[in-house]
Amino acid sequence: MNRLHNKIAIITGAASGQGAAEARRFVEEGAKVVITDLNEVDGKALADQLGDSAIFVSHDVSDEASWQRVVEQCLAAFGGIDILVNNAGIYRQKSLAETDQALMDLHYRVNVLGAFFGMKAVHPVMKAHDGGAIVNISSIAALRGSPGLFAYAGSKWMVRGMTKSAAQDLAQDKIRVNTVLPGLIDTPMLAGNAPEYLEEIKQMVPFKRLGAPEEIADAVVYLASDESRYVTGAEITVCGGMSA
Ligand SMILES: NC(=O)c1ccc[n+]([C@@H]2O[C@H](COP(=O)([O-])OP(=O)(O)OC[C@H]3O[C@@H](n4cnc5c(N)ncnc54)[C@H](O)[C@@H]3O)[C@@H](O)[C@H]2O)c1
């Protein structure tokens, strides 16, 4: 249980769902964690549960200035940054015809700019401290066309592209950048769907069930830890076979 011993991590959108599961797993594996989110109530409660190993910072990933605050508070609390998980994301089910510029902007700002600002913000710190690991959360919606998810899928394709380019750019600074592509995961993000729709999509998964957030956290721990020290620009699908 020491796969992240002495590592310091920032996990965005960690007040709920996959980010919260990652924060718990990271602490179990010996890391110190900065939990960031717009959701202050749940974010603070999780940090309290995790004790001295975690702090909460209120944060909007789409606001570049607030990233500076996250970096400063991480350095002040724990003295470095070894890992960034760009997990925060938003998801709206809309087809091309139903999508307007505001919806495109929203997905671009949170899912794309959020990850970009994060990588920019931690890069100089990681570079100065002999490297680090960045894990960006995309989606299997970014592996092929996804009906009714026009803006979301487009934004998650961009996360894949940014990850591969960043892996090339940051290798010289010993910073690894990888992507996890979750399938259908049982978090508040999917909870808005009608039960009949959830049942229908479960049947599309070869494993016939939704994934648990902890099953994504396991993949993120691997990519954040030194076990993946020769892995960069890689993509791990965690989807019960849905993308096979
Ligand atoms: N649940 C799924 O089926 C699924 C599938 C594929 C990919 N994903 C991706 O996994 C990631 C985690 O999603 P989840 O399933 O845990 O959903 P979730 O809704 O439980 O968690 C997302 C978190 O991001 C936070 N957030 C939203 N906008 C933010 C902002 N501007 N700044 C900071 N925090 C913000 C939310 O408050 C929330 O706590 C997302 O990037 C999502 O797109 C989810």
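Before I start on contacts: I call a pair of N or O atoms a polar contact if the two lie within 3.5 Å of each other. I also remind myself that this is a predicted model.

**Entry 1: contacts of the ligand**

With that cut-off in mind, I looked up I185 and found one of its backbone N or O atoms 2.8 Å from an oxygen atom of the ligand. I noted that the protein covers 92% of the 820 Å² of accessible area that the ligand has on its own. N87 also has a backbone N or O atom 2.8 Å from a ligand oxygen. For Q18 I wrote down a polar backbone atom, again with 2.8 Å to an oxygen atom of the ligand.

**Entry 2: the shell around the ligand**

Which residues come nearest to the ligand? I counted 27 residues around the ligand, and S16, D37, N87, Y152 and T187 come nearest. Sorted by class, this shell has 13 nonpolar, 11 polar and 3 charged residues. Then I checked the elements: α1, α5 and α6 each give at least two residues to the shell. The largest share is from α6, with 3 residues.

**Entry 3: the largest pocket**

Where does the ligand sit? I found the ligand in the largest pocket. I put the space in this pocket at about 1200 Å³. Its lining has 47 residues, and the closest to the pocket centre are Y91, S139, Y152, M189 and L190. So much for single residues; next came the elements. At least two lining residues each come from α1 (17-28), β2 (32-37), α5 (150-170), α6 (188-191) and α7 (195-202). By class I got 23 nonpolar, 18 polar and 6 charged residues for the lining of the pocket.

**Entry 4: the cavity**

A quick reminder to myself on the idea behind the search: a probe the size of a water molecule is rolled over the atoms, and this shows where empty space is left.

How many cavities of 30 Å³ or more does a search of the whole structure find? My search of the whole structure gave 1 cavity of that size. I noted a volume of about 80 Å³ for the largest cavity. Its lining is made of 13 residues, and N86, N87, A88, N111 and A115 lie nearest the cavity centre. Two or more lining residues each are given by α4 (101-128), β5 (132-137) and α5. The element that gives the most is α4, with 4 residues. By class, I listed 6 nonpolar, 6 polar and 1 charged residues in the cavity lining.

**Last jotting**

Key
Residues numbered from 1 in each chain as written. Predicted model: local features only at pLDDT ≥ 70, side-chain atom pairs only at ≥ 80, totals over all residues. Heavy atoms only, no water. 1 Å grid on protein atoms, 1.4 Å probe; cavity = no way out; pocket = protein on both sides within 12 Å on 5 of 7 lines; lining within 4 Å. Points joined across faces, edges and corners; volume = space filled by probe spheres on them. Nonpolar A, V, L, I, M, F, W, Y, C, P; charged D, E, K, R; others polar. Near = heavy atom within 4 Å. Polar contact = N/O pair within 3.5 Å; in protein donor to acceptor, adjacent residues only side chain to side chain. Areas by Shrake-Rupley, 256 points an atom, 1.4 Å probe, with all protein chains shown as cover. Sits in = over half its atoms within 2 Å of the grid points.
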